[in-house]
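Trainee: Could you take me through some local features of a model, giving the general idea of each before turning to the case at hand?

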Amino acid sequence: MEQVTIERLGHQGDGIAPGPVFVPGALPGETVEGEISNNVMAAPRIVTPSEMRVKAPCRHAKGCGGCQLQHARDDFVEDWKVGVVRHALSAHGLETEFRPCATSKPQSRRRATFSARRTKKGALAGFHMTGSDVIVPVPDCLLVDPKLAAGLPLVEAMAVLGGSRKGELSVLLTTGDNGLDVKVSGGKELDPQLQSELADLARAHDVARVAWGDEVALTRRPAVQKMGRAEVVPPPGAFLQATSEGEAALLAGVREAVSDASHIVDLFAGCGTFALPLAEHARVHAVEGDKAMTVALDKGWRMAEGLRHVTSEARDLFRNPLLPEDLHRFDAAVIDPPRAGAEAQVAELAAARIPRIAFVSCNPVTFARDAAVLVGAGYTLDWLQVVDQFRWSTHVELVAQLSLTDR
Ligand SMILES: C[S@@+](CC[C@H](N)C(=O)[O-])C[C@H]1O[C@@H](n2cnc3c(N)ncnc32)[C@H](O)[C@@H]1O
């Protein structure tokens, strides 16, 4: 049995003591004791608890691997996430004004991927235990919208109908005004019998749409998502922001950053989360790698009333970024790349010198790298806000404004 004192929290949410020794569930300042094997104290006893420690609010927290930081106070987690961003910026010599963190409420996640497996008695659905293939049922999950938790019996029924005996189903549930939107991966092949059984199940659970693998198995009602005044039906499984509150906070930041613009380019536009609301006041060109998403965005724009002109383009912005000659006509840019960031596109943005950029990122490390290129080209990083739509997890998301100062 050894005793160690935690110095800091690692990127996976583990406490880290000198050594390093990784201690899951421990917080900075805590003294813990237990057996250490391969630099990990897997089952620590907390000897001196931190003032930042709280009793995990969710009754599933102990077994479920869905959340990593339920044992810490919200203000601690917010400060930690801000610290992660500050640290990433400082590696590039950057600093900025940090606005207060916007953390989404419990039970606000509007989409979740549940795992499900057939059992001798029926099926089991829930989240995986940390680092394990054991599935923990989470009927009272405090993370997800209650409509998602209420969908767990549906997920189990899908595993009974379409799960293979050995494999595991992955079932993405998304809330929507027309009912749940469901996408199932890892199931047996979709045949006419399964299709008709799924239709009965969808009726019984009042589901809007079911996609099975890459096929839309059935649509009872359009799986609509509101994006400003527009209603968009995203392709099954397409990217959406994780909570409505988080989306609203990101959009408020983006709107502020590009508020004076009359022609905006939205890079990595998805199905139009930012492009369509921004089209209430400006013309927008939306660029996105996934063709089906641009089609959904365009259809949503065409059906909406009172929006300015929106054009959309399917384009791989890693391999084929928009060039300065494509970008000159815009007076603001929104950019929201995947975790890898937008190295190639940001190099072109830096050369194009568009006056304002709203930057949304889900990875502080690639954000800092890309922001440093823009700052090197004469932009100022005016402000940044951490938007935490992944409460109780180690995931960090942000929105920031950059403006050109030496025009
Ligand atoms: C973080 S999401 C943001 C989407 C959108 N801005 C939103 O808020 O809903 C990143 C988007 O980048 C798209 N994407 C990923 N790689 C891409 C690439 N190489 N070129 C263009 N788009 C890409 C994804 O399909 C996804 O829609």
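Trainee: Is Asp206 buried, exposed or partly exposed, and where does the residue lie?

Mentor: Burial is read from relative accessible area, where buried means under 20% and exposed means over 50%. In this predicted model, Asp206 has a relative accessible area of 42% and is therefore partly exposed, and its place is the loop between helix H4 (192–204) and strand S13 (209–212).

Trainee: Which value does phi of Phe268 take, and is Phe268 buried or exposed?

Mentor: Phi of Phe268 is near 65°, again a positive value in a residue other than glycine, and Phe268 sits in the loop between strand S17 (263–267) and helix H6 (275–278). With a relative accessible area of 14%, which is under the 20% cut-off, Phe268 counts as buried.

Trainee: What is the omega of the peptide bond from Gly19 to Pro20?

Mentor: Omega for that bond is near -5°, and the bond is cis; Pro20 itself belongs to the loop between strand S3 (15–17) and strand S4 (21–23).

Trainee: Which residues does Val171 touch, leaving aside those up to four places away in sequence?

Mentor: A contact is counted when heavy atoms come within 4.5 Å. By that criterion Val171, which lies in strand S11 (residues 169–174), touches Ala112, Thr113, Phe114, Val155, Val182, Lys183 and Val184, and at 0% relative accessibility Val171 counts as buried.

Trainee: What span does helix H5 reach, and which of its residues are buried?

Mentor: Helix H5 (residues 244–257) has 14 residues and reaches 20 Å from its first C-alpha to its last, close to the 20 Å expected at 1.5 Å a residue. The buried residues of H5 are Gly246, Glu247, Ala249, Leu250, Leu251, Gly253, Val254 and Ala257.

Conventions
Residues are numbered from 1 along each chain as its sequence is written. This is a predicted model: local features need pLDDT of at least 70, side-chain atom pairs count only at pLDDT 80 or more; totals for chains, interfaces and linings use all residues. Side-chain values use heavy atoms; hydrogens and water are left out. Helices (H or I, at least four residues) and strands (E, at least two) are DSSP runs, numbered from the N terminus. The expected span of a helix is 1.5 Å times one less than its number of residues. Buried means under 20% relative accessible area, exposed over 50%, partly exposed in between (1.4 Å probe, protein chains only).
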